[in-house]
Amino acid sequence: MRALWTIFRRDLTLLLMGAPGRGGALLPLLFFLAVAMLYPFAVGPDAKLLARTGAGVIWVAALLAAILPLDRLVEPDLEAGFFDQWALRGIAEEGVLALRILAHWLSFGVPLMLAAPLAAGLLNLDGAQLWTVELGLLLGTPGLAAIGVTIAALTAGLRAGAALGGLLAIPLTVPLLIFGAGSLQPGGEGGLLLLAASSLAALAIAPFAAAGAIRAGRE
Amino acid sequence: MQPCRLAAYDLACRRGDRLLFRGVGFELTGGEALHLSGPNGIGKSSLMRILAGLLRAYNGHVEHEGAMALSDERPALDPHRPLGEALAFWRQVDRAGEARADFGLEDLLDVPVRYLSTGQRKRAALARLAASGARIWLLDEPLNGLDTHWGASAQAAIEAHRALGGIAVIASHQPLQLQKLRTLSLLEHLP
């Protein structure tokens, strides 16, 4: 247990603060805000149009921000031999990866939720819409983190793994996007429940799928 | 010290379509050391990984009593962190005390791992292994990158580990100066 706590602390420090070649939490956050800022420039300052489409843009931006750190979630540790050393000590990959999902979520999901009011301001969303977006992000980003870690484990060690990871993430995260953005449509409250369900399903499967990918990669 | 043991029975390893070796078997108890020899590509590292449980053997099985520690070409130390912190991470994971063996790292503890030379990195990896408290040491090319002085120190550390009842398996293409060393040449186990 204490070993897992030590590993979790290291994960969180690395993902939040970053390291040379590892970026940190700031990059996805700035990317997210940049998309929210650029969108009004692209479609023009029509307040009604922005309010109607803005929430969807927030969801697309969140999804892309989740893809951004994929290549540093698992690959550097696999490369440096950390996973082998943990396996040798009898620390299960499932546990390590479940904690990594948590650390990844804390380092990108929570900052996105904190930045969402700013993005909502840029996109002219009203209070009720912002509330739904925040709730949706709270329910949806854990699922994005789970899918992200799974894909990172699957593509670690492959050449062009980063590009492939991004391509793989898009179809897998489509349900989260549909339910998340859909919950903002009039009468779309049920979307939040479906969003939570998809997120939970991803969270339940991800540690086992990712651990299987790491073990298969050893052969 | 609890007894430790490492035994391999009729191991075979296949990589892709190629059978690397077969019929490898040995049994080691506390204080013994085994030198795996053979030219590059014959499967020394694969055998190490099979012994460590990281690779599935094509045939045969491995039994061990006592914790195992592996040192291979990847040091598993965070490149950007100072050496002291990178080693402290593993000390916390292993809940082990200070390393018994000294690898001359005191002056390097503030230096980020990525600035260390190959030999210094190797010494750091050996220090991590020695500090882990594991009874069975699996050393894949432990002398690579070490100069004569530190090569001798590393072997002295292995001897000290054996004197305390530990086991060492050493894959190396270099000659080793260890007492009562058993040798296993993979050339004799070609398919």
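What share of the contacts in chain A with a separation of 6 or more is accounted for by residues 24 or more positions apart? In this predicted model, such pairs account for 79% of those contacts. The elements that carry them are helical: chain A has nine helices and zero strands, so that its order from the N terminus reads α-α-α-α-α-α-α-α-α.

The overall dimensions of chain A may be considered next. Its C-alpha trace spans about 60 × 35 × 30 Å along the principal axes. Because a compact globule of 219 residues would have a radius of gyration near 17 Å, the 18 Å found for chain A agrees with that expectation. Of the 219 residues in chain A, 45% are buried.

A:Leu176 counts as buried because 26 other C-beta atoms lie within 10 Å, where the cut-off for burial is 20 or more. Apart from neighbours within four places in sequence, A:Leu176 contacts A:Gly140, A:Gly143 and A:Leu144, together with A:Leu195, A:Ser198 and A:Ser199. By contrast, A:Thr13 stands 163 residues from A:Leu176 in sequence and 27 Å from it in space, taken from C-alpha to C-alpha.

Chain B contains sheets, and two of them are described here. One is an open sheet of three strands with antiparallel pairing, arranged in the order S2-S1-S4. From one strand to the next, the twist averages 15°. Strand S1 of chain B, residues 5–15, is joined to S2(B) by eight bridges, and the two run antiparallel. Within this pairing, B:Ala8 is opposite B:Phe26 of S2(B). Helix H1 of chain B (residues 44–51) packs on the sheet and touches S1, S2 and S4 of chain B, its direction making about 130° with that of S1(B).

The other sheet of chain B is also open, but has five strands in the order S5-S6-S7-S3-S8 and parallel pairing. Its edges are formed by strand S5 (68–71) and strand S8 (182–185) of chain B; as each has a single partner strand, one side of each is left without a neighbour in the sheet. With direction ignored, neighbouring strands of this sheet are turned against each other by 15° on average. S5(B) runs parallel to strand S6 of chain B, residues 136–140, and four bridges join the two. One residue pair here consists of B:Met68 and its bridge partner in S6(B), B:Ile136. Helix H4 of chain B (residues 148–163) packs on this sheet, where it touches strand S3 (33–37), S6 and strand S7 (167–171) of chain B; the direction of H4 makes about 150° with that of S7(B).

The two chains meet in a contact that takes 17 residues from chain A and 16 residues from chain B. On the side of chain B that touches chain A, the elements giving two or more residues are S5 and helix H2 (83–94) of chain B. The residues of this side comprise ten nonpolar, two polar and four charged.

The predictor's own scores complete the account. The complex receives an ipTM of 0.90 and a pTM of 0.91. Chain B has an average pLDDT of 89, and 97% of its residues score at least 70. Where pLDDT is low, predicted coordinates should not be read in detail.

Notes
Residues numbered from 1 in each chain as written. Chains lettered and ligands numbered in written order. Predicted model: local features only at pLDDT ≥ 70, side-chain atom pairs only at ≥ 80, totals over all residues. Pairing = 2+ DSSP bridges. Axes fitted to C-alpha atoms, helices over the stretch in contact; angles between N-to-C directions. Contact = placed C-beta atoms within 7 Å. Nonpolar A, V, L, I, M, F, W, Y, C, P; charged D, E, K, R; others polar. pLDDT = per-residue confidence, 0-100. Rg over C-alpha atoms; globule rule 2.2 N^0.38 Å. Buried ≥ 20, exposed ≤ 12 C-beta atoms within 10 Å, placed from the backbone.
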